[in-house]
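Work through the following exercises with the sequence and the model open beside you. Try each task before you read its solution.

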Amino acid sequence: MLTTMNVFIKNMQELFQPNKTYIMDGSIEEAKKLVSIAQKMKINGEPVLKKLNAMEYPNSYYHRSNPNDVARTEHLTFVCTSSKEEAGPNNNWMDPDEAKKKMMNFFKGSMKGKTMYVIPFIMGTFESKYAKNCIQITDSIYVALSMRIMTRIGSQVTTRIGNSSDFFKGIHSIGDVNPDRRFIMHFPQENLVMSFGSGYGGNALLGKKCYSLRIASYLGYKEGWLAEHMAIIGVQSSSGKITYFLGAFPSACGKTNFALLEPVLKGYKVWTIGDDIAWINIGDDGRLYAINPETGFFGVAPGTSFKTNPIMMRTLKNNKFYPTLFTNTAIDSNNNPWWEGISEKFQSDIIDWQGKKYNKDFDNRPAAHPNSRFTVSIHNCPTLSEMFNDPNGVPISGIIFGGRRRDTVPLVCEAKDWKNGVFSASIMGSETTAATSGSIGNIRRDPMAMFPFCGYNMAEYFQHWIDIGKKIKNPPKIFIVNWFRKDKYGKFMWPGFRDNFRVIKWMIDRIENKIGFKESEIGLLPQNNAIELDGLNISQRIMTKLFNVNKEEWVQEIKMIEEFYTKFENKIPQDLKNCLAELKIKFGIE
Ligand code: OXD
Ligand code: MN
């Protein structure tokens with residue numbers, strides 16, 4: 001008898017008509033074989049992978065994508081639930097039958113002459129009751145190799161699936177990389193994603209944003225858990241005690257730096273569990289526990305350096321796990337990957353991300369694409385937590401929500417309680433960045449940093465968050481942070497990076513009830529001198545400005561929040577409407 005996986009593969013073969021089918025086993029031998037094939041394979045005259053300088057970056061390979069395919073394409077990303085209302089105003093919606101018809105037309109015969117890779121993978125560890133079985137189909141060798149870094153691949157998944165039909169199906173074909181024929185279609189009610197026309201991580205590594213956030217957030221809604229766009233860290237103090245935090249930040253707002261933070265304060269150590277995705281469940285003791293379902297980092301390269309993120313630089317230079325990929329960075333004359341911000345010295349012989357010779361003085365553009373990326377195993381990370389593979393995950397004491405705001409939002413603010421925390425997270429706004437295609441620098445509402453990733457109506461998602469709060473004992477404290485506040489000259493007022501740890505230390509003191517707070521209209525702020533500033537040259541005047549809650553700015557902010565809430569018609573939970581009404585009263589708004 002054929003297993004469900006074999007039936008699925010057979011159907012895919014009939015649809016795509018590949019030359020060959022290859023089922024991945026996740027072994028190192030296989031990775032080496034695929035890398036060697038990718039080095040020989042040419043697309044538009046360019047090898048899919050080129051070896052980089054092994055002395056500086058062991059096991060590392062370079063990939064250039066099609067210049068039209070460098071970021072997530074939200075306008076081409078759809079959630080195809082049976083009704084438009086279920087997808088909500090936060091998603092593009094298409095009728096599932098119409099979407100499938102469209103995709104089938106693209107898929108039909110699109111792998112002729114190519115190899116179809118079948119990737120049995122699991123999100124979470126094999127031993128975890130929270131893990132999910134998945135199969136991805138792809139015709140991109142780059143995607144297949146990236147999946148090996150980002151997920152756990154192996155025949156155990158096939159065994160786990162057996163004859164059950166309960167597994168995620170991710171169907172991907174890169175096609176002719178034509179933006180007019182590019183779609184990423186999600187079918188949360190069928191545990192299915194269809195993606196065509198893009199090889200970019202967020203569109204093509206279907207275990208990541210597509211499954212672990214959009215589909216999984218819907219599963220979490222149905223099953224009573226949360227799939228979140230969050231880093232997970234453990235902060236160890238000199239006594240050895242570890243406090244676990246979740247951190248949600250919109251794309252390219254320093255979430256990876258947060259995940260690999262080297263504390264500026266002596267006696268502390270940060271352990272990394274994840275940098276992008278957290279699956280959060282209620283444990284047997286009634287507390288929240290988080291796992292990172294992934295096994296790698298798909299990080300933004302520009303700005304990463306030994307100064308800004310030394311642990312990531314060490315991760316990239318580690319040779320423990322094979323391979324590491326660099327995509328759309330520039331290359332220097334020593335065959336090292338290069339990007340803006342990697343060092344203070346500028347290298348003169350740079351080849352840019354499109355393969356052209358780069359001259360800093362004449363070329364009015366960056367050499368590396370602003371969304372150029374590295375794909376590297378989390379096992380290469382020197383601060384990887386011992387708890388990374390724990391099937392139950394880590395117990396969470398604090399949840400941090402952050403955005404990139406030049407004004408309005410203080411450096412840190414603690415929510416009064418869970419409900420107010422959910423409210424603050426639901427109104428989060430951030431300036432747009434290069435991780436999505438479109439304009440950069442506008443404020444967009446990005447609740448919980450999940451706006452592009454919530455696979456169902458976000459008003460229901462807010463209610464789900466409130467309901468989770470009712471079920472947990474001892475809920476984690478919720479904090480809002482803004483590392484990016486600027487002065488009137490446009491200069492950042494807070495140094496950020498390692499110094500952000502000073503704010504985390506304050507949070508630990510609050511969690512342990514060691515210190516008090518100062519009440520403000522928007523929540524609880526640190527008392528004067530409560531943030532440790534030893535060794536930092538920052539004036540009291542700036543510190544005061546960092547915590548300024550400006551009435552005019554908030555009146556403006558409240559207008560934008562109301563406008564945002566209106567999008568959800570009458571579905572915003574009453575609890576959040578009450579929080580908004582209270583906020584208006586505090587600022588004297590009718
Ligand atoms: C990412 C993103 O790639 O959030 O992690 O866009
Ligand atoms: Mn992300």
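The chain is divided into domain 1 (4-38 + 73-224) and domain 2 (228-296 + 387-586), with bounds that come from an automatic or database domain assignment. This is a predicted model, in which local features need pLDDT of at least 70 and side-chain atom pairs count only at pLDDT 80 or more, while totals for chains, interfaces and linings use all residues. Residues are numbered from 1 along each chain as its sequence is written, and side-chain values use heavy atoms, with hydrogens and water left out.

**Exercise 1.** Describe the interface of domain 1 and domain 2.

*Solution.* Begin with contacts, meaning heavy atoms within 4.5 Å: 38 residues of domain 1 touch 37 residues of domain 2 in this sense. Next take the buried area, which is the accessible area (1.4 Å probe) that the two parts lose on being put together, summed over both; here it is about 3200 Å², and carbon and sulfur atoms give 54% of it. On the side of domain 1, Asn-90, Tyr-130 and Tyr-221 supply 22% of the area buried against domain 2, more than any other three residues.

Methods:
Chains lettered and ligands numbered in written order.
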